[in-house]
Amino acid sequence: MSFTGKNFPNISVDAIDYLGDNISINVFEKAQAEGKKVLLFWYPKDFTFVCPTELHAFQEQAEEFAKRNTILIGASCDSAEVHFAWLNTAKDNGGIEGVEYPLIADTNRNLSSVLGILEMKEVEHPEYGTLVEGSAVSYRATYLIDETGKVFHESVNDMPLGRNVKEYIRLIDAYSHVQNHGEVCPANWEEGKEAMNATREGVASYLSAN
(Lines give C-alpha, C1' and ligand atoms only; values in the text may rest on other atoms or scores of the structure.)
Protein backbone atom coordinates (compact mmCIF):
# COMPACT_ATOMS: atom_id res chain seq x y z
CA MET A 1 0.00 0.00 0.00
CA SER A 2 1.32 3.42 -0.95
CA PHE A 3 1.06 6.32 1.49
CA THR A 4 2.32 9.02 -0.87
CA GLY A 5 -0.11 11.93 -0.79
CA LYS A 6 -1.77 10.53 2.33
CA ASN A 7 -1.25 11.06 6.04
CA PHE A 8 1.43 8.92 7.66
CA PRO A 9 -0.13 6.29 9.98
CA ASN A 10 -1.15 7.80 13.32
CA ILE A 11 0.49 5.10 15.43
CA SER A 12 2.72 5.41 18.50
CA VAL A 13 5.74 3.10 18.68
CA ASP A 14 8.53 2.37 21.13
CA ALA A 15 11.90 3.95 20.46
CA ILE A 16 15.21 4.78 22.12
CA ASP A 17 17.42 7.86 22.01
CA TYR A 18 21.20 7.81 21.86
CA LEU A 19 21.41 8.33 25.63
CA GLY A 20 19.56 5.05 26.18
CA ASP A 21 16.23 6.55 27.28
CA ASN A 22 13.14 4.63 26.23
CA ILE A 23 10.67 6.93 24.50
CA SER A 24 7.48 6.72 22.46
CA ILE A 25 7.27 8.26 18.99
CA ASN A 26 4.21 9.04 16.88
CA VAL A 27 5.71 10.29 13.62
CA PHE A 28 2.45 11.83 12.38
CA GLU A 29 1.87 13.77 15.60
CA LYS A 30 5.56 14.73 15.94
CA ALA A 31 5.59 16.38 12.50
CA GLN A 32 2.50 18.41 13.34
CA ALA A 33 3.45 19.29 16.92
CA GLU A 34 6.96 20.46 16.03
CA GLY A 35 6.06 21.97 12.65
CA LYS A 36 8.87 20.05 10.97
CA LYS A 37 9.41 17.62 8.16
CA VAL A 38 10.42 14.07 9.10
CA LEU A 39 12.73 11.66 7.30
CA LEU A 40 11.96 8.17 8.58
CA PHE A 41 14.16 5.40 7.25
CA TRP A 42 13.80 1.69 7.92
CA TYR A 43 16.60 -0.83 7.77
CA PRO A 44 16.55 -4.63 8.20
CA LYS A 45 18.67 -5.41 11.29
CA ASP A 46 21.12 -4.08 13.82
CA PHE A 47 24.62 -5.62 13.78
CA THR A 48 24.50 -6.40 10.07
CA PHE A 49 26.42 -5.15 7.03
CA VAL A 50 24.91 -2.47 4.79
CA CYS A 51 22.85 -1.10 7.69
CA PRO A 52 25.63 0.62 9.70
CA THR A 53 26.92 2.34 6.57
CA GLU A 54 23.49 3.89 6.09
CA LEU A 55 23.04 4.97 9.72
CA HIS A 56 26.44 6.68 9.68
CA ALA A 57 25.67 8.28 6.30
CA PHE A 58 22.46 9.81 7.67
CA GLN A 59 24.32 11.01 10.77
CA GLU A 60 27.00 12.65 8.63
CA GLN A 61 24.26 14.72 6.95
CA ALA A 62 22.31 15.42 10.17
CA GLU A 63 23.27 19.10 10.14
CA GLU A 64 22.01 19.48 6.57
CA PHE A 65 18.66 17.95 7.50
CA ALA A 66 18.43 20.20 10.56
CA LYS A 67 19.04 23.25 8.35
CA ARG A 68 16.02 22.12 6.35
CA ASN A 69 13.78 21.87 9.42
CA THR A 70 13.79 18.08 9.11
CA ILE A 71 13.86 15.47 11.87
CA LEU A 72 15.82 12.24 11.30
CA ILE A 73 14.43 8.98 12.69
CA GLY A 74 15.77 5.46 12.07
CA ALA A 75 13.67 2.32 12.50
CA SER A 76 13.87 -1.45 12.53
CA CYS A 77 12.15 -4.36 14.26
CA ASP A 78 15.01 -4.83 16.72
CA SER A 79 14.41 -4.19 20.41
CA ALA A 80 15.43 -1.00 22.20
CA GLU A 81 18.01 -3.02 24.13
CA VAL A 82 19.65 -4.25 20.93
CA HIS A 83 19.58 -0.71 19.52
CA PHE A 84 21.37 0.58 22.62
CA ALA A 85 24.00 -2.15 22.45
CA TRP A 86 24.66 -1.22 18.81
CA LEU A 87 24.82 2.48 19.70
CA ASN A 88 27.54 1.59 22.19
CA THR A 89 29.57 -0.44 19.71
CA ALA A 90 32.49 1.37 18.08
CA LYS A 91 32.34 2.20 14.38
CA ASP A 92 35.54 0.24 13.68
CA ASN A 93 33.82 -2.81 15.16
CA GLY A 94 30.72 -2.53 12.99
CA GLY A 95 28.77 -0.38 15.44
CA ILE A 96 26.92 2.93 15.21
CA GLU A 97 28.59 4.82 18.04
CA GLY A 98 28.11 8.53 17.30
CA VAL A 99 24.59 8.24 15.86
CA GLU A 100 22.41 10.78 17.67
CA TYR A 101 18.92 10.53 16.16
CA PRO A 102 16.27 8.27 17.75
CA LEU A 103 15.72 4.68 16.65
CA ILE A 104 12.26 3.13 16.55
CA ALA A 105 12.03 -0.38 18.02
CA ASP A 106 9.02 -1.85 16.19
CA THR A 107 9.29 -5.26 17.90
CA ASN A 108 5.54 -5.93 17.64
CA ARG A 109 5.71 -4.93 13.96
CA ASN A 110 2.57 -2.81 14.24
CA LEU A 111 3.87 0.12 12.21
CA SER A 112 5.91 -1.86 9.69
CA SER A 113 2.91 -4.14 9.06
CA VAL A 114 0.61 -1.19 8.39
CA LEU A 115 3.22 0.25 6.02
CA GLY A 116 3.53 -3.13 4.27
CA ILE A 117 7.33 -3.16 4.26
CA LEU A 118 8.09 -6.51 5.94
CA GLU A 119 9.89 -9.27 4.08
CA MET A 120 7.34 -11.98 4.81
CA LYS A 121 4.25 -13.73 3.54
CA GLU A 122 1.61 -15.89 5.15
CA VAL A 123 1.45 -19.55 4.14
CA GLU A 124 -1.02 -22.24 5.14
CA HIS A 125 0.32 -25.28 6.95
CA PRO A 126 -1.88 -28.41 6.77
CA GLU A 127 -1.51 -29.05 10.49
CA TYR A 128 -0.72 -25.71 12.14
CA GLY A 129 -2.74 -23.25 10.08
CA THR A 130 -1.30 -19.88 9.02
CA LEU A 131 2.46 -19.51 9.40
CA VAL A 132 4.88 -16.80 8.33
CA GLU A 133 7.47 -17.41 5.65
CA GLY A 134 10.39 -14.98 5.36
CA SER A 135 12.60 -12.97 7.71
CA ALA A 136 9.81 -10.67 9.01
CA VAL A 137 12.23 -7.73 9.01
CA SER A 138 11.75 -4.51 7.09
CA TYR A 139 13.04 -3.63 3.66
CA ARG A 140 15.02 -0.39 3.31
CA ALA A 141 11.94 1.84 3.19
CA THR A 142 12.17 5.63 3.37
CA TYR A 143 9.39 8.14 4.07
CA LEU A 144 9.49 11.91 3.77
CA ILE A 145 6.67 13.52 5.75
CA ASP A 146 5.72 17.20 5.72
CA GLU A 147 4.70 19.51 8.54
CA THR A 148 1.05 18.41 8.26
CA GLY A 149 1.89 14.71 8.58
CA LYS A 150 1.43 14.00 4.86
CA VAL A 151 3.85 11.70 3.05
CA PHE A 152 5.41 13.44 0.03
CA HIS A 153 7.90 10.72 -0.86
CA GLU A 154 8.31 7.01 -0.19
CA SER A 155 10.72 4.46 -1.59
CA VAL A 156 11.66 0.87 -0.79
CA ASN A 157 15.00 -0.79 -1.53
CA ASP A 158 15.67 -4.51 -1.36
CA MET A 159 18.01 -5.70 1.39
CA PRO A 160 21.39 -5.45 -0.43
CA LEU A 161 20.86 -1.92 -1.78
CA GLY A 162 22.06 1.00 0.31
CA ARG A 163 20.53 4.44 -0.13
CA ASN A 164 21.94 7.70 -1.49
CA VAL A 165 21.36 10.06 1.44
CA LYS A 166 21.94 13.21 -0.61
CA GLU A 167 18.98 12.36 -2.84
CA TYR A 168 16.67 12.84 0.14
CA ILE A 169 18.19 16.28 0.75
CA ARG A 170 17.44 17.12 -2.89
CA LEU A 171 13.86 15.91 -2.53
CA ILE A 172 13.33 17.97 0.63
CA ASP A 173 14.74 21.03 -1.16
CA ALA A 174 12.42 20.42 -4.10
CA TYR A 175 9.32 19.98 -1.94
CA SER A 176 10.21 23.08 0.08
CA HIS A 177 10.57 25.03 -3.18
CA VAL A 178 7.08 23.91 -4.22
CA GLN A 179 5.72 24.92 -0.81
CA ASN A 180 7.39 28.32 -0.85
CA HIS A 181 7.08 29.34 -4.50
CA GLY A 182 4.18 27.36 -5.95
CA GLU A 183 6.36 26.19 -8.85
CA VAL A 184 7.03 22.58 -9.79
CA CYS A 185 10.49 21.03 -10.00
CA PRO A 186 11.53 19.32 -13.25
CA ALA A 187 13.80 16.30 -13.70
CA ASN A 188 17.22 16.59 -12.07
CA TRP A 189 16.26 19.82 -10.31
CA GLU A 190 18.61 20.97 -7.56
CA GLU A 191 18.55 23.96 -5.21
CA GLY A 192 19.42 27.10 -7.17
CA LYS A 193 18.29 25.73 -10.53
CA GLU A 194 15.31 26.95 -12.51
CA ALA A 195 11.88 25.53 -11.66
CA MET A 196 8.76 26.08 -13.73
CA ASN A 197 5.08 26.96 -13.65
CA ALA A 198 2.69 24.03 -13.96
CA THR A 199 1.09 25.34 -17.15
CA ARG A 200 1.43 24.61 -20.86
CA GLU A 201 3.27 27.91 -21.25
CA GLY A 202 5.47 27.13 -18.28
CA VAL A 203 6.70 23.80 -19.62
CA ALA A 204 7.18 25.24 -23.10
CA SER A 205 9.30 28.07 -21.71
CA TYR A 206 11.35 25.70 -19.56
CA LEU A 207 12.00 23.20 -22.35
CA SER A 208 12.95 25.91 -24.82
CA ALA A 209 15.57 27.19 -22.37
CA ASN A 210 16.85 23.76 -21.33
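A pocket, on a 1 Å grid over the protein atoms alone, is an open set of points where a 1.4 Å probe fits, with protein on both sides within 12 Å along at least five of seven lines, and its lining residues have an atom within 4 Å of a point. The model shown is predicted, so that local features need pLDDT of at least 70 and side-chain atom pairs pLDDT 80 or more, whereas totals for chains, interfaces and linings use all residues. Residues are numbered from 1 along each chain as its sequence is written, and side-chain values use heavy atoms, without hydrogens and water.

**View A. Lining of the largest pocket.** Lys-36, Gln-59, Ala-62, Ala-66, Thr-70, Ile-71, Leu-72, Glu-100 and Tyr-101 line the largest pocket. Two or more lining residues come from each of α3 (62-67) and β4 (70-76), with β4 giving the largest share, three residues; helices (H or I, at least four residues) and strands (E, at least two) are DSSP runs, numbered from the N terminus.

View B. Beyond its neighbours within four places in sequence, His-177 has contacts (heavy atoms within 4.5 Å) with Gly-182, Glu-183, Cys-185, Trp-189 and Ala-195.

**View C. Hairpin of strands β8 and β9.** Strand β8 (residues 140-145) runs antiparallel to β9 and is joined to it by six bridges, where pairing requires at least two DSSP bridges. Ala-141 lies opposite Val-156 of β9, and among the five residues between the strands Gly-149 adopts a positive phi near 95 degrees.
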